[in-house]
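Morning, everyone. Let me put the model on the screen, and then we'll go through it.

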Amino acid sequence: MMKKKIENLLQRLHDQNLIVKTIVIITLLFIAVFSSLILFLYFNAWISALLLLVALLLVILLILVKKLRIYTYILPAAFLLLLFSGFPIVYTVMISFSNFKVGHIISHDDALKNLLTSQWHVDKRHKPFYAEVYAPGSIVAQYSELYEKRVSPLDDQLDAIIDADLSERIEDIVWDRRDRVELSIIRNTFEQSVLEDMVIILYSESHIAANISEKKKKRVVVYSYIPGVDAAGDTLKCHKTSLSKINSLIGDRICIGDLIYERPSVEQFDRIELTLLPHFAERLRATGENEYDPLPLEFPNGTIYRLDYGTRFLVKLPFYRRVDGRGNILEKMVVNDDGTYHYGRIIQADNYLGSYVTTKNDETPRHWQEYRIKTPDYIVFPWFWWAYHKSHAIAYLDTNRSRTGLNQKIRECFPANIKDIITGRPIDDVSKIEIRQLQHSIKKANKVIRDFNKTRYGKNGIKQYFVSGFGEWGLGFPKLGQIKLVKIDKSNVKRSLAPGYRVFTGIRGYKKIVLSRKMTESFFRLLIWTVIFATLTVALSFMAGLGLASILNKPGLHAKNFYRSIFILPYAIPAALLIMMWAAFLNKDFGVINNLINLDIPWISNIYLSKMSAVVINIWLSFPYFMIICLGSLQSINPELYDVSSVDGASSSQQFWRITLPLVLRNTAPLLIGYFGFTFNNFTLIYLLPGKGTGILVTFIYSLAFYGKEYGLAASLGVITFFVIGPFLALQFVLSGVLKGEVLRE
Amino acid sequence: MKNTFNNARWQIFKWLPWHVMLVAVALVVLMPIIYLFAAGFRTNQAIYGPFLDTNTWSDSRIANKQRSRISRKRLFLRIRCILAGYSEDEISDKSSEIDKKRLASIPTELTKSAKRWIRHNGKDKYRDDFLQQYQQWKLTRSVSEGKMMDSQLFDPYDNSLLYRFEIRSSFQNYFFFFTGKITRVPNITYPIFRWFLNSLFIAAFVSLVQTAVVTLAAYVISRFRYFGRRAGMLIILTLQIFPSAMSMVALFLLLTWIGKVIPPLGIDTKIGLSLVYLGIGIPLNIWIAKGYFDTIPRSIEESAIIDGATNWQVFIHIFLPLLRPVISVLIILSFVAAYNEFLFALVLITREDNFTLPVALSGFMWNNEEHFFGIFAAASCIGSIPIVVLWLLLQKQIIAGLTRGAIQ
């Protein structure tokens, strides 16, 4: 009985693969907990840890619940798809709502940190101080010993290297070695001397200039750091000292490096020429191995100077003393436009721009919109608009404008105090009545302009007009545009500091694209061309591929394999390389094709021809793909269909149109749509074929993101594209009827 | 009549037009590739034009072309001057100024003896050798002729040679693929075979994993009803529209993040790049596989299900043998896609050891100092061999046919 029960249980276990399942689940659980803990503890990435945990728990759920088990088949595909196709999209959508661009990449905290520890600027307004550093004799002796040692072991090594005949590498080894030795010397000597007792005497440049008079020289005032007395605190405090006291301060110390100021008493000492010194501070900072704080020296008035080069002391320019509780307002601001500095301006976080800014009169940063009256544009309707130079026509129009007193007439249409009415006022403050008045006067002014345009070229004017309108390539018809009431962005921000941060900007990016006429125009122009490009490519290369495939599929044709392998060649060679090759072939002056036919056809330098060649090249590149697809698809058609139809008396062309084409189309419709999407984004072709006017949406987005450095804006454009084209594709997909003939299991 | 056509003798004539047409189409369509192949045999090949030797001295067409361009420019200038109201003298002055400047820089045809010498000696020579010989030979000619030749051969401004002339046929470029050495750059050995292997590895990895993943998913999509099926399929297709320029940055960041946790999957690794290819290629391939699954009638698996086979058993024992053609198609397509991809390989891989073949070869074309077009051509021809071989191996499977198997 018992035995039977156990057997039964074992059988059940075997049937349901329970053991395997439990093992899988336990390992998955273990991996889930362990990896998310690692992520959380070591990388501090709690979002990813949480996501991973949830994902793995979901997987376990899929395995456990019988109803959901079919999802496990899709799991790997879905995972890869989500990670490498889904994530970029989510990321881009997120980015499109932010001001992500060059200079606004890091987070708020990082930007603040960056500002607080930012670069050291040369103080241009106050000339830098020069320093003499006096160290105790013992340290200098130690230093000089090391300095001499630095050379000798190297020479030994050099000999060894030359013996080994590794002449190529000598230089590398020497430099590598020298750097390391230098660093150890500096650590051993200079740091010690700072901490113990060292005297630093600072001279401003005006004090030590060669051409000052003896009288002045006597009254030289220097600052000095006296060891022992002021050592406490973060900074080394300096005091005003008179020149006469210096000798007693120095005592028996020895000067390291150059003497800045000549004094007879000092010259008696041994002095070491330190060629090293001018660079070591910088190098220490650059290595990043040890956080070296370069000698902060505080002056009586509170400014802090730091060692920049060996003997030069500089003010650290953006020096911030205090941050308020929320980390927003910093007490002081330093940098001016010309690189000089001054204290007293508050810098504040501006979350609209996403950077730290200074404002007029230290107000809180504000951004608002104002009305502006836009002066009329010049409109030119040229015959050959792509190659027309406007300047001729505009210059002619300009002279006429001043001669007829048009400007005066326009000005009379507006009230005299027009500027005071709208400037400096946010649009919300302007009342509706005022706006109506404004619009009325604009209407009047526009009528004047229209009259000007009409009467300008009357009976006598026509001849002049033609002469003046003649540009380099043809005639143009210059006109004055209309006056418009526009909104412009205003803010009281005076200067924003260099490393900005990322902020959530909402739909500002989208607004910028939708409201800007230039943007929308180019977007739609590019969209139309992109759609034409993709459709033409897909349709024509599908036709070519299907044609070839159906010929190569004919029973009885010899050397099928040969033809099939031949026609696959454009697909077999990397497309990028072939595109580069084509770009060379289509060159107007030196290209093979133009040389062959002995003509000067601008294949890729004329906007229409270049579009044509882009399409043709793309077809040439992609027809083998469709050939493969169609060859596979033709095989899936039941041959009985042909037999039956031929018995019924259908001709071969009828068979093609009635049987082959619809069936192949139904099989490949999703692929056609998918390939449309691929061509829609065929960045490589357009990027590598430097044609004129072939730019499609992706390349536009690319140049916006990487040349224009407006990554956030480019992202929003990408999202807009996605939502403009995506629904059409989906509709196309549903209409194609792919989903109808499915063989589904309940 | 019908019998005679079925006779084996007549078969040839019946198919002849098709063969002629196919060969003609192949010749026209594949002309650039034939050109590429031919260019591979020329060691010092410029990008532009070896069929007609525009790079040799003997070409007068370029000179003539430049001349006609000048006269056109002159015509436009004349018209504009007239419209602007210049006098006759002023116009002639202006146009002659331009002509003088331009004509000075245009080479004319050489004398016959010079041409003959260059034809004889200029071929199969490298630049420096040629210049040396030219200087020697010039001493034997008269001074005036030497000057004239100089003015025609060298750019008046920077004394560089106006035309390239070194054309030499050899197998050198094709050997380069295996040796990695270019005679003109003796010090450098390019790891081209390594690049080739990188590409092969990535493509093989991608195609195998892709096929496995995709067939599994397509099986479920084609045969089962479940929540989110239709929407998922729609989304998969529309994902393609998203601009790749945007996803470049996101993928770069994603791989760096992954690389921090699991270094062999991070940025600048072959597997990381392959994972990206996997993710990108899945949508289209799922549709290929799904379309194929749909053509398999339900009756085939029904009996097995009635016998109590699990889904997995049905997939392995019944579908997998039938799937041979579509698996071949999937392998081919994903292999080619991964092998030929350029953009992501350019962005996501920075170390030279990990370059793929297209990225590495584009360097020979983009090199500013010298275009190694011969090497580029030869290497891309050899680089296409794996795909052609794969196609030859798999095309039987593709053509073998599903329906035949299904009916049996």
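Let me start with a question: does A:Arg372 count as buried, partly exposed or exposed, and at what relative accessibility? A:Arg372 counts as partly exposed, at 28% relative accessibility. The cut-offs: buried is under 20% relative accessible area, exposed is over 50%, and partly exposed lies in between, with a 1.4 Å probe and protein chains only.

Some ground rules. This is a predicted model, where local features need pLDDT of at least 70, side-chain atom pairs count only at pLDDT 80 or more, and totals for chains, interfaces and linings use all residues. Residues are numbered from 1 along each chain as its sequence is written, chains are lettered from A and ligands numbered from 1 in the order in which they are written, and side-chain values use heavy atoms, with hydrogens and water left out.

Back to A:Arg372. Its salt-bridge partner is A:Glu370, with the closest N and O atoms 3.6 Å apart. A salt bridge here needs a side-chain nitrogen of Lys or Arg within 4 Å of a carboxyl oxygen of Asp or Glu. A:Glu370 is buried, at 1% relative accessible area. By this rule, the count over all chains is 6 salt bridges.

Two others. A:Arg517 pairs with A:Glu521, closest N and O atoms 3.3 Å apart. These two sit 4 residues apart in helix H19 of chain A, residues 517–552, so about one helical turn separates them. A:Arg517 is exposed at 60%, and A:Glu521 is partly exposed at 43%. In chain B, B:Arg298 bridges to B:Glu302 at 3.5 Å between the closest N and O atoms. B:Arg298 is partly exposed at 30%. B:Glu302 is partly exposed too, at 33%.

Now the chains. Chain A has 29 helices and 16 strands. Chain B comes to 21 helices and 2 strands. Those are DSSP runs numbered from the N terminus: helices are H or I with at least four residues, strands are E with at least two. Of the 746 residues in chain A, 44% are buried. For the 408 residues of chain B, the buried share is 50%.

Contacts next, meaning heavy atoms within 4.5 Å. Take pairs at least 6 apart in sequence. In chain A, 69% of such contacts join residues at least 24 apart. In chain B, that figure is 70%.

What about the cores? A nonpolar core is a set of buried Ala, Val, Leu, Ile, Met, Phe, Trp, Tyr and Cys residues joined through side-chain atoms within 4.5 Å. The largest has 203 residues, and those touching the most other members include A:Phe567, A:Tyr625, B:Ile288 and B:Leu333. Helix H24 of chain A, residues 607–635, gives the largest share, 15 residues. Leaving aside neighbours within four places in sequence, A:Tyr625 contacts A:Tyr571 and A:Tyr675, plus B:Leu284, B:Ile288 and B:Leu333. A second, separate core has 19 residues, among them A:Leu397 and A:Ile435.

Last, a helix pair. H2 (residues 18–42) and H3 (residues 46–64) of chain A pack at about 175 degrees, axes 8 Å apart. Axes are lines fitted to C-alpha atoms, for helices over the stretch in contact, and angles run from 0 to 180 degrees between N-to-C directions. H2(A) and H3(A) are therefore roughly antiparallel, the word for angles over 145 degrees. Residues that meet include A:Leu28 and A:Phe40 from H2(A), and A:Trp46 and A:Leu56 from H3(A).

Conventions. Angles under 35 degrees count as roughly parallel, over 145 as roughly antiparallel, 65 to 115 as roughly perpendicular and the rest as oblique.
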